[in-house]
Amino acid sequence: MVSLFLVVVAGSAAVKPGEDFIEPFVLIAGPLVYGFFANLCYSAGPFLDLKDKCSRPREKRFEEGYRFSILLTALPGVWAVLAWLFTLVSGKKL
């Protein structure tokens with residue numbers, strides 16, 4: 001929700017009036033697609049855990065997956081904030 005909020009607020013501040021930072025359809029469909037793939041990856045976890053049971057400790061694999069999911073979720077918000085900061089520094093709207 002924080003990332004989505006940043007995309008709407010910071011992204012809107014980074015573009016010219018009347019322009020969209022992101023297409024409205026993507027704001028509706030994006031979280032649904034993201035949720036589908038997140039559940040798909042979550043459901044694949046036990047199968048991959050059985051396959052690679054002896055390769056690495058489970059805690060390490062869980063920690064890597066947790067960090068990756070946080071990074072992936074935060075990426076759109078970070079992108080919007082960077083665009084907004086670029087607008088502030090350069091004085092030019094995207």
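Predicted model: local features only at pLDDT ≥ 70, side-chain atom pairs only at ≥ 80, totals over all residues.
Start with the largest pocket, which has a volume of about 780 Å³. It is lined by 19 residues, and those closest to its centre are Cys41, Tyr42, Gly45, Gly65 and Tyr66. Two helices, α2 (24-51) and α3 (58-90), each supply at least two residues of this lining. Helix α2 gives the most to the lining of the largest pocket, namely ten residues. Sorted by type, the lining of the largest pocket holds twelve nonpolar, three polar and four charged residues.

Next comes the second largest pocket, with about 460 Å³ of space. Its lining has 15 residues, and Ser3, Leu4, Gly30, Pro31 and Pro76 are the closest to its centre. Here α1 (2-14), α2 and α3 each supply at least two lining residues. The lining of the second largest pocket divides into twelve nonpolar residues, three polar ones and no charged ones.

Val78, Leu82, Trp84, Leu85, Leu88 and Val89 make a nonpolar surface patch of about 590 Å². One of these patch residues, Val89, is found in helix α3. Is Val89 buried or exposed? Val89 counts as exposed because its relative accessibility is 76%, and the cut-off for exposed is over 50%.

Methods
Residues numbered from 1 in each chain as written. Heavy atoms only, no water. 1 Å grid on protein atoms, 1.4 Å probe; cavity = no way out; pocket = protein on both sides within 12 Å on 5 of 7 lines; lining within 4 Å. Points joined across faces, edges and corners; volume = space filled by probe spheres on them. Helix = DSSP H or I, 4+ residues; strand = E, 2+ residues; numbered from the N terminus. Nonpolar A, V, L, I, M, F, W, Y, C, P; charged D, E, K, R; others polar. Patch = residues over 30% accessible without salt bridge, like charges linked within 9 Å, V, L, I, M, F, W, Y side chains within 5 Å. Areas by Shrake-Rupley, 256 points an atom, 1.4 Å probe, with all protein chains shown as cover. Salt bridge = Lys/Arg side-chain N within 4 Å of Asp/Glu carboxyl O. Buried < 20%, exposed > 50% of the residue type's maximum accessible area, 1.4 Å probe, protein only.
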